[in-house]
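The sequence and structure are shown below.

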Amino acid sequence: MKPEVAEILFNANTAAAVFSQYNQDHVDRIVKAVYHVAFDNRIILAEMAVEETGLGRLEDKVMKNVVASQMVYYNIRNQKTVGIISEDEDKGIIEIAQPLGPIFAIIPITNPTSTAIYKILISLKTRNPIIVHPHRRAAKCTIEAARICYEAAMNEDAPEDCIQWVTDFSREDTQQVMAHNHVALILATGGSGLVNAAYSSGTPAIGVGAGNVPVFIDKSADVDYAIKEILESKLFDNGTICASEQAVVIQKDMEEKVKESFKKHGAYIMNADEIEKVSKVAFNQEKQAMNGDIVGKSAQFIAEHAGLNIPIDTKLLLAQLRDVGENVPLSSEILAPILALYIEDDFDKAVNRCIELNFYGGVGHTASIYSNNDDVIKQFSLLMNAGRIVVNMPSSQGAVGLTSKLDPSLTLGCGTGGKNITTDNITAKHLLNIQRIARRRDDFLFVRFDKKKYFDNNYSAEMLDKEFYSNI
Amino acid sequence: MLDKQEYYDQIEIKLSNNIKTEYSQNIEKELMDLANSTSMNVSLNFEDVTFVCSHFLKVCLRLNNTLTSERFCLEKLTPEIKRVFMIAGFDKILNLK
């Protein structure tokens, strides 16, 4: 291991030791100071991110920084994260929050400053030092976000090296850090390569990669409202949020209304030839993944590269598709203003299409529905394998907690389907080891039960249940 | 100014209760000068210490490098402070008594 890499790990571990002495008041002062500086710099950091990466839209990058600073802070500010956090006299259980230790935070190119701010806030709130690993094409803005946060933290007497960042890390350096016993947790948000490497490292990891979000517009929905919201979401930062809609599914008798509404709101409906051209620039068949060159780019940029002649006011490219899978590139996740549209004969076929999309690269992530029928919403949700099913709202904004009461977060758990331990939106509570003091509380039924019966071969579960529960 | 006591072949240094960065920086030079000049054993008395900063943890390592763990030890650590050294993994490097 390079000496400078070893030093970062050593410093992080030392910071973890020092941080373990901090009380809740002091932690909260540090977190508040970091929130303030992050919020105050939301615009400049957004400008830096757009300039450096060439991805997304400035106003949406600002909003992402708002989610990462204001929304995350408001959500965690009153949480107890130090020492005794709960006492239940009846159960005889007292819970104690302990930090995990150094966190290695992989930051994606799509949301660089916002993800850095959010991971720093939740790490500091839980007394965990953080090592920020930026994407190489977003290093300057990510490091600037980390640097100003560190400065603010140090002004409140935070532990030295509680926030560190790395530059010019080779793949080998990254792998060595991920596998090092000084790293307690990897928070990996980004490409599947890094996320898989995090899981393979042997260190506990929360990694979030791809989604493939289906949106079902039910007959009971307000179609025009739904399309307007879908565009607001899909165009948010040019579609770089992994919870953004990837395919809209409707029933046949809604086709005309839906297409009219899409056109009204700035979508361009591509013909078969245009779909093929856009597929070639948007999807890398060899890698079976979206083409990084079009991620976060505008519809105009993509159309130009694909050789399409589209109206100047086009905001979104709409591709009506019939199948899902490897031979249909636009049926997979594309983080850009390209949306698939499926028109199905009836309700069951429409929901089946959503299931296909959900299972084609988006298991555990997010699904979306527009409906004014609670039964349909529940029926649809029970059939989706998604950590969050957002209802009648833009999926990007709803999933990250901007337009819903989900925990504000830029790392969305995808459950076991996405190789995660949780389907939660990842936040401070996931960065704690909870210790439980357990006092004796005997079950009175168990105490008075004649234990000799456990050794009687003829004594059955049915007899046991009768004895335990017949008089309750 | 260090609070020093000499016993036979040992110098014991009693530390302030709150070892913040500023205090640590203030005593670092005096401690290092002592380590470089004495032939006696040196111990740091943590009896009253309730907080220790990153800087001082690193000062302890530097003292250990100069004196070696044969001649340098940390004494009377409270459980809270001992835990800090354990989390940092310094129990494997320093002589904690």
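## Contact between the chains

In this predicted model, 11 residues of chain A are in contact with 10 residues of chain B. On the chain B side of that contact, two helices, α2 (54-67) and α3 (79-88), each supply at least two residues, and it is α3(B) that gives the most, with four residues. Sorted by class, the side of chain B that touches chain A has six nonpolar and three polar residues, together with one charged residue.

## Packing of α11 and α12 in chain A

Within chain A, helix α11 (residues 272-282) packs with helix α12 (residues 299-306) at an angle of about 105°, and the axes of the two helices are 9 Å apart. Because angles of 65 to 115 degrees count as roughly perpendicular, α11(A) is described as roughly perpendicular to α12(A).

The residues that α11(A) brings to this contact are Lys277(A), Val278(A), Val281(A) and Ala282(A), and they meet Ile302(A), His305(A) and Ala306(A) in α12(A). Taken by class, the contact of α11(A) with α12(A) has five nonpolar residues, one polar residue and one charged residue.

## Confidence of the prediction

For the model, the scores are ipTM 0.92 and pTM 0.93. Chain B has a mean pLDDT of 95, and 100% of the residues of chain B reach 70 or more.

Notes: Residues numbered from 1 in each chain as written. Chains lettered and ligands numbered in written order. Predicted model: local features only at pLDDT ≥ 70, side-chain atom pairs only at ≥ 80, totals over all residues. Axes fitted to C-alpha atoms, helices over the stretch in contact; angles between N-to-C directions. Parallel < 35°, antiparallel > 145°, perpendicular 65-115°, else oblique. Contact = placed C-beta atoms within 7 Å. Nonpolar A, V, L, I, M, F, W, Y, C, P; charged D, E, K, R; others polar. pLDDT = per-residue confidence, 0-100.
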